[in-house]
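Please look over the sequence and the structure below. A short report on them follows.

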Amino acid sequence: MKWTATKIRALKGERKIAMLTAYDALTASLVDGAEIPAVLVGDSLAMTVLGYETTLPVGMEEMLHHAAAVARGVEHALVIADMPFMSYQPSIEMGLANAGRFIKEAQADAVKIEGGAMRSELIGALVANGVPVLGHIGLTPQSIKEMGGYKVQGKTSEQARALMDDAMAVEQAGAFALVLECVPAELGRTISAALSIPTIGIGAGAGCDGQVLVFTDLLGMSGKPVPKFVKKQVDLFPVIAKALAGYKAEVESGAFPSDEQEY
Ligand code: KIV
């Protein structure tokens, strides 16, 4: 069964939704094989696999390249492509055209855009034109320069009210689900209870309808500290480092290849 945005939306109240990022056909096939229903080609790939400092430099061509690879690696999961910085902010027309490229050229099933009420018109236009939208509010990394760092959002009652209004606006505009990033758990729970679409939390507590994490964080692949909200399932960095050191040592000592690897 292939997951659609409508099916993901219908999971609200039925079961919690697991979502994970993936960046290429290999990672996508692993996520799909784990029967995770939705895979996000996050612009976090700028940092996790492309070596940039933030998500800001990554552009449409790089995102299309990765989204197409993810779509090729998936059989069942919904493939959501993250619209990169300045691919939708300048105008509704630009947002529609670039979202269309993800669907037509990369075979994505949906797009994600950052922002609340200020993105209502774009979300409405995308949905009206057949593009399912995943919203994203709270800590929105594309606004990192304006936000002044990766900080928990919605801590004051005024900020919490503004985030609730944003969540409502995104739902009313037609998004099928909403990512809530780095907000206090109580606010995550309150927003989740108020919405009829699922909330997908990342650092937004257990009250959300689902959770999303970054693939390389979940598997401990970076060798760097991960945010507090990440629970690593395995620490692969030292495992891989040890395997690579073993390979080097065996090539240099002549232990590899042995008779077993020869024709
Ligand atoms: O880019 C990304 O990976 C994301 C999430 C983790 C929500 O936006």
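## Model and domains

This is a predicted model. The domain assignment of the protein gives two segments: domain 1 spans 5-232, and domain 2 spans 236-263. Their C-alpha centres are 39 Å apart.

## Ligand site

The ligand sits in the largest pocket. Its shell includes Thr 21, Leu 40, Gly 42, Asp 43, Ser 44 and Asp 82. Lys 112, His 136, Val 179, Ile 202 and Val 214 also surround the ligand. By class, four of the shell residues are nonpolar, four are polar and three are charged. The residues listed for the shell all fall within 4 Å of the ligand, counted by heavy atoms.

For Ser 44, an N or O atom of the side chain is 2.5 Å from a ligand oxygen. For Asp 43, the distance from a polar side-chain atom to a ligand oxygen is 3.0 Å. For Asp 82, the corresponding distance is 3.2 Å. On its own, the ligand has 250 Å² of accessible area, and the protein covers 95% of that.

## Backbone points

Most residues other than glycine have a negative phi, and most peptide bonds are trans.

Gln 107 lies in the loop between α5 (92-104) and β4 (110-112).

Pro 257 belongs to the segment after α11 (236-253).

Methods. Residues are numbered from 1 along each chain as its sequence is written. This is a predicted model: local features need pLDDT of at least 70, side-chain atom pairs count only at pLDDT 80 or more; totals for chains, interfaces and linings use all residues. Side-chain values use heavy atoms; hydrogens and water are left out. Domain bounds come from an automatic or database domain assignment. A polar contact is a pair of N or O atoms within 3.5 Å; within protein, one must be able to donate a hydrogen and the other to accept it, and residues adjacent in sequence count only if both atoms are side-chain atoms. Accessible areas come from the Shrake-Rupley method with a 1.4 Å probe; for residues, only the protein chains shown count as cover. On a 1 Å grid over the protein atoms alone, a cavity is a set of points where a 1.4 Å probe fits but cannot get out, and a pocket is an open set with protein on both sides within 12 Å along at least five of seven lines; lining residues have an atom within 4 Å of a point. A molecule sits in a cavity or pocket if more than half of its atoms lie within 2 Å of its grid points. Ala, Val, Leu, Ile, Met, Phe, Trp, Tyr, Cys and Pro count as nonpolar, Asp, Glu, Lys and Arg as charged, and the others, Gly among them, as polar. Helices (H or I, at least four residues) and strands (E, at least two) are DSSP runs, numbered from the N terminus.
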